[in-house]
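Subject: Structure handover

Hello,

Here is the structure I promised to pass on. Please open it first, then read my notes below.

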Amino acid sequence: VQLVESGGGLVQPGGSLRLSCEVSGNISSVNDMAWFRRYPGKRREFVASITRGLMTNYADSVKGRFTISRDNAKNTIVLQMNSLKTEDTAEYFCYGEIMVTWSTGGDYWGQGTQVTVSS
């Protein structure tokens, strides 16, 4: 099972970026998925999540600016980030609660993608 992220990069304050994460491998189903971020020397912190039923939740710091979406058929999630601020600069990680068989599963993480907001 792999979670493959894409879409990070450098953007100016006020700009937008779109992160994608695709689950690949032999799996049975994907439950909750989410994005986390990590500042240098800090632990990962929650950014946004989405259930299989498309219910979403956001950290207060990104509400109104970030939107998480999901395509269950493609096992893909997207984080649309608008009105980016310098404090959004971090490494972003995709997370998935994945069932490998109907009874066996676990928590999986992507490798991380860097987002840098700077003028």
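Start with Arg37 and Asp88. They form a salt bridge, and their closest N and O atoms are 3.0 Å apart. The pair links distant parts of the chain: Arg37 sits in strand β4 (residues 29-38), Asp88 in the loop between β8 and β9, 51 residues apart. Please keep in mind that this is a predicted model.

Are these two residues buried or exposed? Arg37 has 3% relative accessibility, under the 20% cut-off, so Arg37 counts as buried. Asp88 is buried too, with a relative accessible area of 1%.

Asp88 has another partner. Arg65 forms a salt bridge with Asp88, with 2.7 Å between the closest N and O atoms. Arg65 lies in the loop between β6 (56-58) and β7, and Asp88 in the loop between β8 and β9, so this pair ties together parts that are 23 residues apart in sequence. Arg65 is buried, as is Asp88.

Which residues make up the network of salt bridges? Arg37, Glu45, Arg65 and Asp88 are linked in it. In general, side chains of opposite charge can pair when their charged atoms come close.

A search of the whole structure finds five salt bridges. One of them joins the side chains of Asp60 and Lys63, at 3.1 Å from N to O. Asp60 is exposed, at 65% relative accessibility.

Next, the disulfide. A search of the whole structure finds one. Cys21 and Cys94 form it, with their sulfur atoms 2.0 Å apart. The torsion about their S-S bond is about -80°, so the disulfide is left-handed. The pair links distant parts of the chain: Cys21 is in strand β3 (residues 17-24) and Cys94 in strand β9 (residues 90-99), 73 residues apart. Cys21 counts as buried at 1% relative accessibility. Cys94 counts as buried at 0%.

Now the sheet that includes β3. Four strands form an open sheet in the order β1-β3-β8-β7, with antiparallel pairing. β1 (2-6) and β7 (66-71) stand at the edges with a single partner strand each, so one side of each has no neighbour in the sheet. Neighbouring strands here are turned by 15° against each other on average, direction ignored.

β7 and β8 (residues 76-81) pair in the antiparallel sense over six bridges. Arg70 has Ile77 in β8 as its bridge partner. The hairpin of β7 and β8 has four residues between the strands, and Asn75 takes a positive phi near 50° there.

In a regular strand the side chains alternate between the two faces of the sheet. In β7, the covered face holds Phe66, Ile68 and Arg70. The uncovered face holds Thr67, Ser69 and Asp71.

Thr76 is worth a stop. Thr76 lies in strand β8. Thr76 is buried, with a relative accessible area of 16%. Its side chain reaches the backbone oxygen of Lys74 at 3.0 Å. Beyond residues up to four places away in sequence, Thr76 touches Cys21, Glu22, Ser69, Arg70 and Asp71.

Last, Ser118. Ser118 lies in the segment after β11 (113-117). Ser118 is partly exposed, with a relative accessible area of 37%. Leaving aside neighbours within four places in sequence, Ser118 is in contact with Leu10, Val11, Gln12 and Pro13. The C-alpha atoms of Ser118 and Val30 are separated by 35 Å, and these residues are 88 apart along the chain.

Best wishes

Definitions and conventions. Residues numbered from 1 in each chain as written. Predicted model: local features only at pLDDT ≥ 70, side-chain atom pairs only at ≥ 80, totals over all residues. Heavy atoms only, no water. Pairing = 2+ DSSP bridges. Helix = DSSP H or I, 4+ residues; strand = E, 2+ residues; numbered from the N terminus. Axes fitted to C-alpha atoms, helices over the stretch in contact; angles between N-to-C directions. Buried < 20%, exposed > 50% of the residue type's maximum accessible area, 1.4 Å probe, protein only. Polar contact = N/O pair within 3.5 Å; in protein donor to acceptor, adjacent residues only side chain to side chain. Contact = heavy atoms within 4.5 Å. Disulfide = S-S within 2.5 Å. Salt bridge = Lys/Arg side-chain N within 4 Å of Asp/Glu carboxyl O.
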